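My notes follow in the order in which I looked.

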Amino acid sequence: MSIIKVENLKKEYKIIEKQNGLFGYFKNLIKPQYREITAVNNINFEIKKGELVGYIGENGAGKSTTIKMLTGLLTPTSGKIIVDGIVPNEKRIQNNRNIGAVFGQKTQLWWDLPVIESFRLIKKMFRIPENEYRKNLKNFTDILNLEELLEKQVKNLSLGQKMRCEIAATFLHNPKIVYLDEPTIGLDVFVKENIRKFIKEINKEKETTVILTTHDLKDIEDVCDRIILLDRGQIIYDGSKQSFKDAYGKYTLAELIVSSKPVNCKEFVHSDSFEIIEETENKIKIKFKHLETTIVNIMNEISKYCIIDDIHMKEAELEEILKEIYKGAYKK
Amino acid sequence: MKQVLHNISLYLSFLKISLKEILIYRVDCIVGIFSELVVEGVSLIFIFIVFRNTDNLAGWNFQQILLLYGVTRISLGIVGYCFDGLYDIGPKYMRNGDFDKILLRPVHPLVSIIGASKEFVALTDFFIGIGITIYMLIQLAIPITFLLIFKIVFFSIVGALIIGAINTIFSISSFWTYRSNEVIWSFYRIYTFAQYPIDIYNAFIKIIITVILPFAFVAYYPTMEYLGFNKYMIYLSPVVAIVLWIIAIKLWNLALNKYRSTGT
């Protein structure tokens, strides 16, 4: 049973064509010239309850537009969206009860007041039952280390502290679905890890569906099971993270630690399915394609010539794969 | 009805948290109160000067005019504080994109916006209004009965709601311009006419302040009742308030839907 269903979704914008020079600005003022752009072009997907979905794409690919339509902030030009049985743009306020959202660095907290005041108001806004609120607050405080932050004014918090509070505020009312638009932007590695851990734990505990857009692919790597890749308003990939890597990831790198190795292994080993790209006295680096061979085959081959002590595998990183895809897409 | 009550209670919570925010800035409060007093003083001096040259305005004497002034101030004080958030929609929420944040809350955006009112110093007006009203009632030898107090309290709130609704209607301009605060403000200025007996104006202005922007129902008709000049018009005020709010919310929602489909 899918919690989010998107069918033939389309969003077109009219934007004013900018003209150069002061004269151009005046011309715009009197008779603006419009140009139509299609931000989201006929996309379809379904998301099941409890899924962790990475919604990725370059700037301007249509990610934020999609999220805005899913949250009911924008009305689609055509197509259908159903989120937990509700059409978000028709019953926006009702939909808001089911969802949580973080948009980049915009804060939903009250700037001049201690964090806890914002939490209390959120409790009232969403009519969170007292025991539920207490339980969540305690749980979130533990995972996100908020203890010392709760009594501090929001404006005095660092970016990382603020985002931790922001995330807590977003999950406070047990939303069924959470949209996170660039939640880790500008944060240091420890805070990022903390936030990822939080998302995973809450997802496990409450089956919260999370849709995450980010430019930090480590977020996706760490958190998401599924990837939807958007390019110029269209979905170009939708599937599991692993099969994404399998389909697009060209190479896997393996590093073998060996002993009693002949001086030059390259001379002896001949294979079309893998390639030795670097070798030293006790180390061999191998590049191979997942579909063409397996590490077992490679080890069999190599062990004919030396003893393998240890092995490190490194899969092609998402980032590398994406770069390849984008390059390809632009060539079209 | 339950939803309305929940909205009102949320509005008060928002107002409370906004008050906490503003009270942090003590100097701002003091400066605000001072400037309110200056504005107040200028208006009063103007009335004094008028009555140095004449002893009545359309049949109203000095004390009666001041009673109207006092009753007006009570409502304006309430509006100035409780509905001030409307001025922020264009220049604040729309300009820096905070409007989306408000749309994601499980309440109507107007509750959030009006609840974020911080012009707590406008209550200076409110208290001066109460002072002048009581003083003039004594001067005019009008007995201050329990019923009269109830009427003044009730119709001052109704009056504030009338202005609040009119300001809400003009706040719709924020969907097209960041300078919506100036639009609201310029129409609100027309209120000045309703601070004096409407018989001193020509038909055009009369129609404006009784029908088009029915400011006359805020304090003018109620004061006429307190003075015994007109016993019935006052009871139209709550009707005017309700009708205006229905129009304001309908139009606001319409504009909001339009805004969401264009996406700016």
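**Entry 1: helices α2 and α7 of chain B**

I started with a helix pair in chain B, where α2(B) passes α7(B) in a right-handed crossing. I note at the outset that this is a predicted model. I then looked up the geometry: helix α2 (residues 26-53) of chain B packs against helix α7 (residues 123-139) of chain B at about 45°, and the two axes are 9 Å apart. Angles under 35 degrees would count as roughly parallel; α2(B) and α7(B) are therefore oblique to each other.

I listed the residues that make this contact. From α2(B) they are Ile33(B), Glu36(B), Leu37(B) and Glu40(B), and from α7(B) they are Thr124(B), Asp125(B) and Ile128(B). By class I have 3 nonpolar, 1 polar and 3 charged residues in the contact of α2(B) with α7(B).

**Entry 2: helices α3 and α11 of chain B**

I went on to another pair in chain B. The axes of helix α3 (residues 62-82) of chain B and helix α11 (residues 220-227) of chain B cross at roughly 130° and come within 9 Å. Roughly antiparallel would need an angle over 145 degrees; α3(B) and α11(B) are therefore oblique to each other. I recorded the crossing of α3(B) past α11(B) as right-handed.

Which residues make the contact between α3(B) and α11(B)? I found Gln64(B), Leu67(B), Leu68(B) and Val71(B) on α3(B), facing Tyr220(B), Pro222(B), Thr223(B) and Leu227(B) on α11(B). The contact of α3(B) with α11(B) holds 6 nonpolar and 2 polar residues, with no charged ones.

**Entry 3: the contact between the chains**

I next looked up where the chains meet. On chain A, 22 residues are in contact with 19 residues of chain B. I checked which elements of chain A give two or more residues to this side, and they are α3 (92-98), β5 (99-103) and α4 (115-125) of chain A. The residues of chain A on this side divide into 11 nonpolar, 5 polar and 6 charged.

**Entry 4: the sheet of 6 strands in chain A**

I traced an open sheet of 6 strands in chain A and wrote down its order as β5-β6-β7-β3-β8-β9, with mixed pairing.

Strand β8 (residues 226-231) of chain A pairs with β9(A) in the antiparallel sense over 6 bridges. Among these residues, Asp231(A) has Gln234(A) of β9(A) as its bridge partner.

I then looked at helices on this sheet. Helix α6 (residues 159-171) of chain A packs on the sheet and touches β5 and β6 (177-181) of chain A, and its direction makes about 160° with that of β5(A). Helix α9 (residues 241-248) of chain A lies across β8 and β9 of chain A and runs at about 115° to β9(A).

**Entry 5: the sheet of 3 strands in chain A**

I found an open sheet of 3 strands in chain A, in the order β2-β1-β4 with antiparallel pairing. Its edge strands, β2 (34-48) and β4 (78-83) of chain A, each pair on one side only. The twist here averages 25° from one strand to the next.

Strand β1 (residues 2-16) of chain A pairs with β4(A) in the antiparallel sense, over 5 bridges. I looked up Val6(A), and its bridge partner in β4(A) is Ile81(A). Helix α2 (residues 63-70) of chain A lies across β1, β2 and β4 of chain A, at about 120° to β1(A).

Note on methods
Residues numbered from 1 in each chain as written. Chains lettered and ligands numbered in written order. Predicted model: local features only at pLDDT ≥ 70, side-chain atom pairs only at ≥ 80, totals over all residues. Axes fitted to C-alpha atoms, helices over the stretch in contact; angles between N-to-C directions. Helix = DSSP H or I, 4+ residues; strand = E, 2+ residues; numbered from the N terminus. Parallel < 35°, antiparallel > 145°, perpendicular 65-115°, else oblique. Left-handed = near helix turned anticlockwise from the far one by under 90°. Contact = placed C-beta atoms within 7 Å. Nonpolar A, V, L, I, M, F, W, Y, C, P; charged D, E, K, R; others polar. Pairing = 2+ DSSP bridges.
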